[in-house]
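Trainee: I would like to learn how to read a model like this one. Where do we start?
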Amino acid sequence: MKKDKLRQGRIRKAPESFLDADFLNTIKKEGLNEERRSFLRKAFLAAGAATAAPLSSALAADDPNIVNIPEWSKTLGNPVGTNPYGLPSKYERNVIRRESPGLSPVPQASVAFTPLQSTFGIVTASGLHFERHHQGWVDIDPSRHRLMINGLVKNPKVYTMDDLMRLPSVSRFHFIECGANTAMEWGRVALPTVQYTHGMLSGSEWTGVLLSTLLEDAGIDMKQAKYIMAEGADGSSENRTINIENAMDDVIVAYGQNGEMIRPEQGYPLRLVVPGVQGVSSVKWLRRIEVGDKPWGAKDETSGYSDLMPDGKLRMYTSIQEAKSVITTPSGGQQLIDKGYYNVTGLAWSGRGRIKRVDVSVDGGKSWRTARLDSVVLPKALTRFNIDWVWDGSPAILQSRAIDETGFVQPTYTQLREVRGTRSVYHNNAIQSWRVDEKGWVYNVQVG
Amino acid sequence: MNAKILLPLTSSLLVVAACSPQQSAAPQAAHQEAHTEAAAMPAKVSEYTHFSGIGRNATTTEVAAWNIDVRPDFQGLPEGSGSAEDGEEIWIDKCASCHGDFGDANHVFFPLIGNTTTQDIETGQVAALQDPGKVRTTIMKVPYISTLWDFVYRAMPWNAPKTLTPDETYALVAYMLNLAEVIEYEEPLSHENIAQYQERMPNRNGITFDHGLWSVSGTPDTHNTDCMTDCTAAVEVTSELPEFAYDAHGDLVPQFRQYGPVRGWDLGLGKDSEGEAEAMDIPMDILTSNGCLSCHAMDRAIIGPAFDDVAKKYSASDAEYLTNKIYEGGSGVWGSMPMPPQPGLAEDDAKAITAWLTK
């Protein structure tokens with residue numbers, strides 16, 4: 001009998017009926033410990049297995065979770081400070097980053113995807129922010145970390161973390177999406193859940209110094225400067241060319257993420273955040289900014305992160321992550337627990353500014369309704385949308401369509417492939433379709 | 001009573017007061033004002049453009065130590081030289097285990113060399129990029145010789161980046177270019193002649209900057225409309241996950257919460273689920289947090305061998321050997337795919353894995 005067959009709200013016999021008197025007496029005398037809890041759970045499962053009634057809002061019997069006052073209501077709780085750094089509940093251990101088997105044979109050059117199916121709002125918990133490394137991650141001693149600015153500046157400069165954290169700071173919400181997010185779906189459906197199809201996407205509040213502040217402090221030569229190069233301090237020393245218009249606008253040299261220091265997997269103690277641009281440009285473990293008059297043609301802007309077009313030409317410096325959205329609940333690999341009301345929810349984002357509107361279809365794109373945008377709508381940040389849906393048990397195809405403040409409407413697969421074919425790897429922002437069958441199972445599909 | 005004792009008491013009372021619901025309206029009003037101001041998001045965050053006492057000028061030696069980038073116009077290229085002949089020995093020693101003797105291996109990374117022709121060297125555009133049947137190698141895509149030099153020097157070898165000298169780097173780049181028929185085996189590649197070999201790079205003309213994704217104000221490729229009703233005549237499902245791939249990402253049940261509006265598909269794979277894991281004493285937390293499951297599955301070989309097979313092969317007396325093997329990695333026991341060393345694994349975790357596998 002598998003635990004997951006059980007659903008809350010099912011009719012179950014009270015576990016006491018299945019427990020012997022000695023065991024109950026032990027619990028009464030000595031309380032519950034892990035062993036006894038586990039035994040109770042198993043007894044409960046056995047009880048549940050005997051009655052496989054569907055989920056019901058009209059319970060035929062009283063709910064033992066109400067009638068038998070639960071143990072947590074009758075015991076002394078844990079002391080303050082038990083966990084000096086708090087952790088999620090032990091019941092949340094299914095909510096973790098995951099790798100896609102076979103995607104990369106080396107775990108230092110791989111991806112761990114954010115479980116978008118299980119996250120709420122517009123902030124990704126720092127420990128769930130997706131990971132993409134090119135040569136492993138490092139944990140750098142902040143007292144030994146340095147940032148250098150050189151190239152077309154009056155004074156090449158060195159900053160310590162002491163220096164950087166004294167400077168005027170900004171805290172801003174921005175998404176980071178890998179340019180290769182949804183890459184495996186260009187040709188056809190390949191992945192079961194939204195974690196793998198869209199999970200190279202996370203949103204955070206980033207705190208740090210505007211890059212423009214540092215470039216001005218170093219005396220940038222604005223007459224000659226056309227590009228900057230950012231470079232990491234890790235083994236790969238990942239380097240990327242960034243437009244001077246971006247660099248002087250909203251790029252952040254960030255040390256903070258969601259109220260604490262950036263996590264090592266996100267570039268502790270210092271990273272670049274290039275809002276709206278594919279994640280590879282937001283160089284982690286940032287050690288150097290060079291100002292120049294020509295682009296650098298680095299490895300990950302030539303052999304990687306260049307988009308192959310149908311005519312065999314490679315597009316270089318494709319950077320902007322255009323408007324995109326995805327429904328996270330319900331989504332692929334899920335099963336709806338019953339007919340009736342659902343709050344369909346998902347995320348929308350655009351590298352060109354704010355999300356203006358999100359529409360949702362439940363008939364594969366024949367007709368659309370406008371969703372509610374939740375909370376704050378910020379430029380180049382995740383935006384949460386919600387919409388009502390009553391599932392009557394018939395098949396449906398759910399889609400969402402983002403529209404940003406430039407008026408750009410998220411494309412269909414047909415429209416995207418007309419221009420880019422199916423082999424360009426990066427920047428797949430097509431409308432995602434989830435098919436719901438009569439059983440309530442949700443499948444990743446593409447429609448034409 | 002003196003002030004030293006009073007102070008902590010006073011401050012803790014303040015904390016309690018700050019948490020109580022009886023706050024005056026004033027702080028809230030101030031908060032809202034700040035919020036409105038923030039929404040305007042001024043371009044300048046400070047009056048200052050120079051910050052006294054912060055940062056210092058970099059020394060020439062410091063800049064030289066880090067300023068390693070080489071651009072396509074060869075700005076930043078150090079002097080030196082090396083031929084393919086010089087590079088061969090270094091390649092076999094430091095590069096071949098991942099990239100293969102001829103740069104064409106694909107067992108760890110995408111192949112570096114292959115699928116370019118002498119015709120491509122003439123035209124400067126790789127014809128095979130138009131052929132979906134051809135594996136895309138690095139040399140097919142990369143337009144600049146500088147990119148090869150820059151990357152090898154900054155990031156290679158894989159487990160010891162930034163340890164190659166400029167001469168070794170020239171030799172390794174020459175070795176790769178010789179495999180692609182760009183340079184002769186005995187011809188040294190140097191800072192003096194590198195520009196002439198740039199003119200033989202097979203895909204030097206195969207790139208384009210003509211697109212709208214470079215700038216935030218660029219023109220998009222697609223032009224969907226916001227149609228609301230009768231948008232398509234018929235909806236046809238053109239692609240769907242094949243049934244045999246439903247479990248390619250493992251059991252989906254434990255990939256979702258066990259409560260809430262949905263559950264994961266129950267494909268009947270429950271033996272991997274947590275109840276079973278507990279019953280079999282599988283150290284799931286350790287395997288998950290250390291990334292073991294990205295290469296190993298319980299019951300089938302993926303990149304590495306199945307844990308079931310490892311467990312069959314070893315008994316309790318092999319525990320120490322197996323622990324060392326986990327730390328040091330290696331290849332040969334289960335095939336040629338090397339297991340990378342795991343120096344970051346905690347000792348208790350390594351022992352728990354070994355104890356479980358050798359039980």
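Mentor: With a definition. Two strands pair if DSSP finds at least two bridges between them. Keep in mind that this is a predicted model.

Trainee: How many bridges join strand β3 of chain A to β12(A)?

Mentor: Strands of a sheet pair through backbone hydrogen bonds, either parallel or antiparallel. Here, four bridges join β3 (residues 146–151) of chain A to β12(A), and the two run parallel. I149(A) has I289(A) as its bridge partner in β12(A).

Trainee: In which sense do β7 and β12 of chain A pair, parallel or antiparallel?

Mentor: Antiparallel, over six bridges. β7 covers residues 227–232, and β12 covers residues 286–292. M229(A) stands opposite E290(A) in β12(A).

Trainee: What is the strand order of the open sheet of six strands?

Mentor: Read it as β8(A)-β7(A)-β12(A)-β3(A)-β4(A)-β1(B), with mixed pairing. The edge strands are β8 (239–243) of chain A and β1 of chain B, each pairing on one side only.

Trainee: Which strand of chain A pairs with β4(B)?

Mentor: β14 (residues 314–315) of chain A pairs with β4(B), in the parallel sense, over two bridges. Look for T208(B) in β4(B): T208(B) is the bridge partner of R315(A).

Trainee: Now the contact between the chains. How many residues does each of chain A and chain B give?

Mentor: The size of an interface is often given as the accessible area lost when the parts come together. Here we use residue counts: 90 residues from chain B and 109 residues from chain A. On the side of chain B that touches chain A, the elements giving two or more residues include β1 (56–57), α3 (60–66), α7 (138–141) and α8 (145–155). β4 (207–208), β5 (237–240) and β6 (262–264) of chain B are also among them. α8(B) gives the most, with six residues. By class, this side of chain B has 41 nonpolar, 33 polar and 16 charged residues.

Trainee: How many residues of α8(B) are buried?

Mentor: Eleven of the eleven, so α8(B) is largely enclosed by the rest of the structure. The buried residues include W149(B), D150(B), F151(B) and R154(B). What covers the buried residues of α8(B) includes α9 (166–179) and α10 (194–198) of chain B.

Trainee: On to helix packing. At what angle do α14 and α15 of chain B pack?

Mentor: Two packed helices are described by the angle between their axes and the distance between the axes. For α14 (residues 319–328) and α15 (residues 347–357) of chain B, the angle is about 130° and the axes are 9 Å apart. That makes α14(B) oblique to α15(B). The crossing of α14(B) and α15(B) is right-handed.

Trainee: Which residues of α14(B) and α15(B) meet?

Mentor: From α14(B), take A319(B), L322(B), T323(B), I326(B) and Y327(B). They meet A350(B), K351(B), I353(B), T354(B), A355(B) and L357(B) in α15(B). The residues of this contact of α14(B) with α15(B) divide into eight nonpolar, two polar and one charged.

Trainee: Back to chain A. What order do the strands take in the open sheet of four strands?

Mentor: The order is β15-β17-β21-β20, and the pairing is antiparallel. The edge strands are β15 (324–329) and β20 (372–374) of chain A, each pairing on one side only. The twist averages 35° from one strand to the next. β20(A) and β21 (residues 383–391) of chain A pair over three bridges. There, R372(A) has N386(A) in β21(A) as its bridge partner.

Trainee: Is E438(A) buried or exposed, and why?

Mentor: E438(A) has 8 C-beta neighbours inside 10 Å, so E438(A) counts as exposed. E438(A) lies in the loop between β23 (433–436) and β24 (442–447) of chain A. Leaving aside neighbours within four places in sequence, E438(A) is in contact with G393(A), S394(A) and P395(A). The C-alpha atoms of E438(A) and W391(A) are separated by 10.0 Å, although the residues are 47 apart along the chain.

Trainee: How many helices and strands does chain A have overall?

Mentor: Eight helices and 24 strands. Of the 448 residues in chain A, 51% are buried. Among the contacts in chain A with a separation of 6 or more, 72% come from residues 24 or more positions apart.

Methods
Residues are numbered from 1 along each chain as its sequence is written. Chains are lettered from A and ligands numbered from 1 in the order in which they are written. This is a predicted model: local features need pLDDT of at least 70, side-chain atom pairs count only at pLDDT 80 or more; totals for chains, interfaces and linings use all residues. Axes are lines fitted to C-alpha atoms, for helices over the stretch in contact, and angles run from 0 to 180 degrees between N-to-C directions. Angles under 35 degrees count as roughly parallel, over 145 as roughly antiparallel, 65 to 115 as roughly perpendicular and the rest as oblique. A crossing is left-handed if the near helix is turned anticlockwise from the far one by less than a right angle, and right-handed if clockwise. Two residues are in contact if their C-beta atoms, placed from the backbone, lie within 7 Å. Ala, Val, Leu, Ile, Met, Phe, Trp, Tyr, Cys and Pro count as nonpolar, Asp, Glu, Lys and Arg as charged, and the others, Gly among them, as polar. A residue is buried if 20 or more other C-beta atoms lie within 10 Å of its own, exposed if 12 or fewer, and partly exposed in between; C-beta atoms are placed from the backbone.
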